[in-house]
Amino acid sequence: MNPPVVVDTNILFAALVSRRSPLRETLLMETGVRLYSPRFIFTELFKHKERLLATTELPEDELLEAVSALFSRLSFEDEGTIPLGDWMQARQLCSDVDEKDTPFVAPTIHLYARLWTEDAELKRGLRAKGFDHFFEP
């Protein structure tokens, strides 16, 4: 069985922005992959809702339908269930790369998962520290 995949915010944004993107198709159609995201993703999407509306040029109800469709494929990992040691390891890995990615790296460690991100700087920084658990569709 394939290891789980933790999806970060930039993947969801990209899937929402382009209606016919391979990212969206993979998120919605790939049944052999168990997809996870921290609950923090709700905050991220809500924080950037206006930018998403402007970028997608979708009416709000259609954007919400698209978000709902993507969320239906995700399991949400409650940050409170992740052991402190995994959080500390994630924070150390992200500390001089981008601390805002800690909520995505922590469940990746906890679930023995792969991280799905298009953030090249994050990948480069994490790989330099020996973390190479990435999902490449």
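The legends below cover the whole chain and then its parts.

**Figure 1. Overall view of the predicted protein chain.** The model is predicted, so local features need pLDDT of at least 70, side-chain atom pairs count only at pLDDT 80 or more, and totals for chains, interfaces and linings use all residues. Residues are numbered from 1 along each chain as its sequence is written, and side-chain values use heavy atoms, with hydrogens and water left out. The protein chain has 8 helices and 4 strands; helices (H or I, at least four residues) and strands (E, at least two) are DSSP runs, numbered from the N terminus. Along the sequence these elements follow the pattern β-α-α-β-α-α-α-β-α-α-β-α. The C-alpha atoms fill a box of roughly 40 × 30 × 30 Å along the principal axes.

Figure 2. Of the 137 residues, 45% are buried (under 20% relative accessible area, with exposed over 50% and partly exposed in between; 1.4 Å probe, protein chains only). Among contacts (heavy atoms within 4.5 Å) between residues at least 6 apart in sequence, 68% join residues at least 24 apart.

**Figure 3. The open parallel sheet.** The 4 strands are arranged in the order S3-S2-S1-S4, with parallel pairing; two strands pair if DSSP finds at least two bridges between them. Strand S3 (74-77) and strand S4 (114-116) are the edge strands, each pairing on one side only. From one strand to the next, the twist averages 40° (axes are lines fitted to C-alpha atoms, for helices over the stretch in contact, and angles run from 0 to 180 degrees between N-to-C directions). Strand S1 (residues 5-7) pairs with S4 over 3 bridges, and Val5 stands opposite Arg114 in S4.

**Figure 4. Strand S2 and its partners.** S2 (residues 35-38) points Leu35 and Ser37 one way and Tyr36 and Pro38 the other way, and all are buried. S2 pairs with S1 over 2 bridges in the parallel sense, where Tyr36 is the bridge partner of Val6. Parallel pairing also joins S2 to S3, over 4 bridges; here Leu35 has Leu74 as its bridge partner.

**Figure 5. Ile11 in helix H1.** Ile11 lies in helix H1 (residues 9-17). It counts as buried because its relative accessibility is 0%. Thr117 is 106 residues away from Ile11 along the chain, yet their C-alpha atoms are separated by 6.1 Å.

**Figure 6. Helix H8 and its cover.** Within H8 (residues 120-128), the buried residues are Leu122, Lys123, Gly125 and Leu126. Their cover includes helix H6 (84-94), helix H7 (102-110) and S4. At the start of H8, a side-chain oxygen of Asp119 comes to within 3.2 Å of the backbone nitrogen of Glu121.

Definitions and conventions
Polar contact = N/O pair within 3.5 Å; in protein donor to acceptor, adjacent residues only side chain to side chain.
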